[in-house]
Amino acid sequence: MTALRTQAAALVHASARADAGERLRHERFVLSRLVIGGGALSLAPAYLAWRGAIGAFEATMIVAAALPVLAVVLLSHTGRLDISHAISAAALSLFILALAGVTGGISSPLLLWLAVVPVEAAFFGGRGFMLRAGWVALAALLAALGLQQLGLFTGTGSWAGESMSMLVLAAICQTLVATAVLMRRRQVEVREHRASDARAQLLLDHVGDLVTWHDANGAVVFANAAARTLAGAEPRDLLGRGLLDRVHIADRPLFLKALNDAAHGEGAATACFRTLFVPQDGEARLPVSLWLEMQAYRTDATGSADGAAIVCVMRDVTARRAFDDERERDHAEALRANDVKGRFLATVSHELRTPLNAIIGFSEMLSGEENGWIDSAKRLEYARIIHASGHHLLEVVNTLLDISKIESGAMAIEREPLDLAAIARDCCALMALRIEGGGIALERVAGPALPLVEGDRRALKQVVLNLLSNAVKFTQPGGRVTLAIVRDGDTVDLSVSDTGIGISAADLPRLGDPFFQVKGPYERVHEGTGLGLSVVRGLVGLHGGRLTVESAPGVGTRVSVRLPVSGAAGIEQPAKIVTFARAPRRGLETKEPLRLTA
């Protein structure tokens, strides 16, 4: 039966699909005529095989069975239900007439069934359908009288036959009158329902929310005027799968699940999804995406003329979603700022407290009244410790000031043609004592024909010193640090490589974040604020350069700074850091190379 209903719906003419009531009438007519006519025609071969010969009765019955199928074909191609029903009424009258011919002719009680013909018409149309069916029934009665006079009907023309014909005529007339009264009442009810539907339609069309009704399969059978603004289509364009086609493809499973939960679950469901459409304003515009919040409810489909089983109310929540997203971003930024503040306090307190303790302690010892036991060598050693601690404090404060200027955009650089090889040589000389004291080998490599680079001398010198300082700090005695400068097309590549402890792949994406250190401030054995690479990142960005880091635990680290020869074409602040995880040494755990971008 489900397959027949689907086939009947497919045979409905396009002109009747827009009106739910008209579509339902067409579906009922097609379904009933296919069942009756098709069933009778399917039994005809078996009957004829049993009878062995075709007579006038059999031929009449086959024609009566074929006429309903012909009416379905005509309705499917033209949409004219009135003509199709007239053919169907003629088929029913012919069927009754044939049965009466073999059961007594004009005196057969089966002729009374002609009164059913106009009654059946009342189920598919108005007064016009009923009158046409009544004329067809009267024509069948006159045909029976004529055939009786010609002697083609069995039985006699006695008073019983005349009485039966008068009885049939009276039954037809009485049926017409009763049906007309019923039709009059139904028309009044229909007008009342239409007025009520018109008021409901007017109310729904002035509601800002999109209201849709769906059948049990989820297909849309009604949509209000809000479809133009929230789905970018006319309400009729949303019928069937029209609304689903406008739902963002990533949100369609959520949309269908909500309809299914409402239809087969507890009777109510909620979903939030996006619609994607091009506005229908006659202009070439980009697609619009809106967030809709849908409330779906199950309804009683048994009394619904259009088969609606689910009603959905959809509201535009795009502004609210944008506000929520912005609030979440602000919350995440606040958490990040709080985390940075915590790391700042932990790092700075550690870096400032140690030299301050030394300065305070040794200055108290030097300023004490009873310090005759301190000889000149001790005084000189204490003074040097105080001096070194003061320089360390000054370095921390200057680094904090540089980070603040870079992040606020207040850092200014003075450009001039610079020789990076000479800057690298000066920086290596400044780091020589520290490198030799740590038992580390330093190698400096300069490529041929190095061009001058447009940049700030102090800033680039600070970049090289920070990179060398980090490399020396994390390289064990006996290791090697290499400073290389080569030309690569329109850029100069300045790289610092070491054979130190390296950085794990999990920590690589966070390189360059202020105060970030691979270990916590109380776990590490190396001093520092974790701001060196942040300063380098900002200064390289001011020069329009690019920063690349390659590292792996136990292998070492290579930091590369690529600067444009002719200066910054487009300043990027801060510079992006492209990170690579090196392959571990043989004997260590091997993993696939990992590439990350921070």
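This is a chat about the predicted model shown above.

Colleague: Hi! What should I know about the model before we start?

Modeller: It is predicted, so local features need pLDDT of at least 70 and side-chain atom pairs count only at pLDDT 80 or more, while totals for chains, interfaces and linings use all residues. Residues are numbered from 1 along each chain as its sequence is written, and side-chain values use heavy atoms, with hydrogens and water left out.

Colleague: Great. How many helices and strands are in the chain?

Modeller: The chain has 16 helices and 14 strands. Those are DSSP runs numbered from the N terminus: helices are H or I with at least four residues, strands are E with at least two.

Colleague: And what share of the residues is buried?

Modeller: Of the 598 residues in the chain, 39% are buried. Buried means under 20% relative accessible area, exposed means over 50%, and partly exposed lies in between (1.4 Å probe, protein chains only).

Colleague: What about contacts in the chain between residues at least 6 apart in sequence?

Modeller: Among those, 65% join residues at least 24 apart. A contact means heavy atoms within 4.5 Å.

Colleague: Let's switch to sheets. What is the strand order in the open sheet of 5 strands?

Modeller: The order is S2-S1-S5-S4-S3, with antiparallel pairing. Two strands pair if DSSP finds at least two bridges between them.

Colleague: Which strands stand at the edges?

Modeller: Strand S2 (220–223) and strand S3 (268–277) do; each has a single partner strand, so one side of each is left without a neighbour in the sheet. Neighbouring strands of this sheet are turned by 25° against each other on average, direction ignored.

Colleague: How many bridges join S4 and S5?

Modeller: Strand S4 (residues 288–298) and strand S5 (residues 310–316) pair over 7 bridges in the antiparallel sense. The bridge partner of Tyr297 is Val311 in S5.

Colleague: Which helix packs on that sheet?

Modeller: Helix H10 (residues 252–264) does, touching strand S1 (210–214), S3, S4 and S5, and its direction makes about 10° with that of S4. Axes here are lines fitted to C-alpha atoms, for helices over the stretch in contact, and angles run from 0 to 180 degrees between N-to-C directions.

Colleague: Where is Gly265 found?

Modeller: Gly265 is in the loop between H10 and S3. Gly265 is partly exposed, with a relative accessible area of 38%. Not counting residues up to four places away in sequence, Gly265 touches Asn260 and Arg298.

Colleague: New topic. Is strand S10 mostly covered or exposed?

Modeller: Mostly covered: in S10 (residues 491–498), 7 of the 8 residues are buried. S10 pairs with strand S9 (residues 480–488) in the antiparallel sense over 8 bridges, and with S12 in the antiparallel sense over 8 bridges. Val496 stands opposite Val559 in S12.

Colleague: Last one: which residues line the largest cavity?

Modeller: Leu420, Leu460, Val463, Val464, Leu494, Val561 and Leu563. Helix H15 (457–473) gives the most to this lining, with 3 residues. The cavity holds about 30 Å³ of space. On a 1 Å grid over the protein atoms alone, a cavity is a set of points where a 1.4 Å probe fits but cannot get out, and lining residues have an atom within 4 Å of a point. Grid points are joined across faces, edges and corners, and a volume is the space filled by probe spheres set on the points.

Note on methods:
On a 1 Å grid over the protein atoms alone, a cavity is a set of points where a 1.4 Å probe fits but cannot get out, and a pocket is an open set with protein on both sides within 12 Å along at least five of seven lines; lining residues have an atom within 4 Å of a point.
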